[in-house]
Amino acid sequence: MSLTLPAVFEPAGDPVRFRKALGRFATGVAVVTAQTKSGPVGVTVNSFASVSLAPPLVLWSPAKASSRHSAFVSAGSFAVHVLAAGQKPVCDHFIRSATGFDIMAHTLNESGVPLLKGCAAIFECMREAVHDAGDHSIILGRVLQVHTGESSALMFRDGQFERAG
Ligand SMILES: Cc1cc2nc3c(=O)[nH]c(=O)nc-3n(C[C@H](O)[C@H](O)[C@H](O)COP(=O)(O)O)c2cc1C
């Protein structure tokens, strides 16, 4: 193993290399859902992170450039679904589309937020705060209920999807 520091560069000067460096950090893949006046919306993300155990807080970051940004920052309630390894089609669907819940196995919670079936975990949240953060917003959620499944999670690393384990 090399003990030298990796090559240095400035992120603003080389955004492609910046993204590639960020991709070295393996994450799970989540679908965030919310209810709006014009119906339910969803989006595939890997910016989900745990924040606090007591109180129970999590965060994720919608891009300001996304057509779905305003729907999610305005939503008082949302659900974060940690996708199972077999849910790549669900992942792909919510990369491309914000809607299409008619073809997704789901129920609605008390706030009308869609809860997708077959996930590794679900965090039902109420919006705690929204912070401005460069070209993204940070949505902080207070976790009200958690569902856990037995499936292993879908993973994302170095720009590729893979199964955990
Ligand atoms: C692995 C992966 C992770 C993503 N993570 C985020 C994210 O954290 N935040 C976000 O806003 N979009 C994220 N996206 C992009 C969204 O899934 C979606 O493609 C985007 O919101 C589409 O914007 P549009 O509604 O303008 O077409 C991610 C996409 C992929 C493939």
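Of the 165 residues in the protein chain, 38% are buried. The model is a predicted one. Its secondary structure consists of 3 helices and 12 strands. The radius of gyration of the chain is 17 Å, close to the 15 Å that the globule rule gives for 165 residues, so the chain is as compact as a globular protein of that length. Along the principal axes, the C-alpha trace spans about 55 × 35 × 35 Å.

Contacts were examined between residues at least 6 apart in sequence; 64% of these contacts join residues at least 24 apart. The chain exposes about 9900 Å², and carbon and sulfur atoms supply 57% of that area.

Helix 3 was examined in more detail. This helix comprises residues 88–96, and its buried residues are Val-90, Cys-91, His-93 and Phe-94. These residues cover an arc of only 165 degrees around the axis, which puts them on the same side of helix 3. An α-helix has 3.6 residues a turn, so residues three or four places apart point the same way. The exposed residues Pro-89 and Arg-96 are carried on the face of helix 3 that is turned away from its buried side. Several strands pack against the buried residues of helix 3: strand 2 (30–36) and strand 3 (39–45), strand 8 (114–116), and also strand 11 (154–157) and strand 12 (160–163).

Two loop residues have backbone features of note. In the loop between strand 4 (49–52) and strand 5 (57–60) lies Pro-55. The peptide bond that leads from Ala-54 to Pro-55 is cis, and its omega is near 0 degrees.

The second residue, Asp-158, is placed in the loop between strand 11 and strand 12. Both of these strands are among those against which the buried residues of helix 3 pack. Phi of Asp-158 is near 50 degrees, which is a positive value in a residue other than glycine. The relative accessibility of Asp-158 is 40%. Buried residues lie under 20% and exposed residues over 50%, so Asp-158, at 40%, counts as partly exposed.

Technical notes:
Residues are numbered from 1 along each chain as its sequence is written. This is a predicted model: local features need pLDDT of at least 70, side-chain atom pairs count only at pLDDT 80 or more; totals for chains, interfaces and linings use all residues. Side-chain values use heavy atoms; hydrogens and water are left out. Helices (H or I, at least four residues) and strands (E, at least two) are DSSP runs, numbered from the N terminus. The radius of gyration is taken over C-alpha atoms; the globule rule is 2.2 Å times the number of residues to the power 0.38. Buried means under 20% relative accessible area, exposed over 50%, partly exposed in between (1.4 Å probe, protein chains only). Contact means heavy atoms within 4.5 Å. Accessible areas come from the Shrake-Rupley method with a 1.4 Å probe; for residues, only the protein chains shown count as cover. The arc is that of the directions from the helix axis to the C-beta atoms.
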